[in-house]
Amino acid sequence: MLKKLWWTVVLLSLGSTSLAQSSDTQTPTKDTDNFFWNIEANMGGVYFKSALEDHRQDSFIEYLELGFTLELFYKGFFVQTNKRRTNPFDVEFGYQLHTTDKWGVDFITKTYLSGFSGEDIDSDLRERRLGTGHALRLTHFIDDAIFTVDLAVLTAALGTKSWLVESYYSYLIAHKNWEIYLGTGLTFYNAETVNYYAGIDEHDAATGLDLYRPGSGFEFVVEANAIYPLNEDWTLKLGASKSRFSSNIYQSPLGLRKGETLIKLGASYVF
Amino acid sequence: MSFKSWAPVIVSSFVVLASSQAHGKVNQVISSLSALPNKCVALRHGRTCFAPITLRFSVPKPGRYCIRQQDNKHLIYCESIERYGLFNFEFQSKTKLTYLLIEQSTLAELASTDIDVAWVHQKTSRKRRWRIF
């Protein structure tokens, strides 16, 4: 129910954006107080060592990253990608509930956990769906830094009581024309969430694995991202992130690594 | 003497005349000042832009010449040159700047060049959300 309501709000907000564009006597520019948009085409290379031990980047195409990032803001409603994080395709839909110079409160929907299926690791394991969550995000602005805390309830498909708390601190170093974002985060996953992703239930146990219910767990992450303007249309982007799971997660019989590693190098065309 | 016999002399005279005129133009150096690159690109509107710039200049006569910003009396570089000069420096500005070539003895402004500032992202209305300043 909550999910349906949320998507209705998002669709209405996007609809109202296009209506506003067509009805305004003055065509909205890219940057006004009420309206903002940014579209970028991204291309580059990526090295990704996922949490699954058996998952490999086998072909050349898996090292390529092509796609678009979209940012829209209209009177509080927004679609955004978090440039401070390494994954630029991490799209957030939301509504700005409250904002001051120092604090902000948003209601957002985003994917917090990537899922996988047995096919990814040549196994008959049950599918782990995408961990999409609806969250309240509290943001504290501290000069060139941002600290956010997301209190997220994950979709019911994962279990009715799946939730997490994601905290992230990002600090900007502006060196000449470079923007360098250094970040660190800690996420707490409740037991139901960890059991869903890293646990071994009766279905999985049929493949020969032992039953495993790890309970609640943590993930710690450090990231560094840099952006450099090549000219008025193109930017160079570099990024790296390394995460580490709590031991009860990576000791799962599923065959998990202690953490994930992501390294990126690419360029973006800014429309 | 027929025209045919005079023709080579006439043609070669024109060639010599044209050649000497062209040669005279080459020697006549006028004052000029150019910047390479002549544009600095920053990531976001309002940010100070940094760029290594080379100023090339030429002068009509040997002497001591200087470079300064249009809105600043301070001479940032001076050099004694015959005809041509180079000046490398780190450009730092949020806005377009004009640089002048000055003859030091007279302080006469001989030439000027602009270095523009551009941005990939124009100002963002969401500064409070993704504040970077």
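The model is predicted, so local features need pLDDT of at least 70 and side-chain atom pairs count only at pLDDT 80 or more, while totals for chains, interfaces and linings use all residues. Residues are numbered from 1 along each chain as its sequence is written, and chains are lettered from A and ligands numbered from 1 in the order in which they are written.

Chain A holds four helices and twelve strands (DSSP runs numbered from the N terminus: H or I of at least four residues for helices, E of at least two for strands). Of its 271 residues, 30% are buried, a label that calls for 20 or more other C-beta atoms within 10 Å of the residue's own, with C-beta atoms placed from the backbone. Strands count as paired when DSSP finds at least two bridges between them. Strand E3 of chain A (residues 77-81) runs antiparallel to E4 of chain A (residues 91-99), with five bridges joining them; here Phe78(A) faces Gly94(A). On to the next pairing: E4(A) is joined by seven bridges to the antiparallel strand E5 of chain A (residues 103-113), where His98(A) has Val105(A) as its bridge partner. Three residues lie between E4(A) and E5(A), which form a hairpin.

Turning to chain B, Phe57(B) belongs to strand E3 (residues 49-58). Phe57(B) counts as buried because it has 24 C-beta neighbours inside 10 Å. Its contacts (C-beta atoms, placed from the backbone, within 7 Å) beyond four places in sequence include Ser32(B), Tyr65(B) and Leu101(B). Phe87(B) is 30 residues away along the chain, yet the two C-alpha atoms are separated by 8.5 Å.

Key: Buried ≥ 20, exposed ≤ 12 C-beta atoms within 10 Å, placed from the backbone. Contact = placed C-beta atoms within 7 Å.
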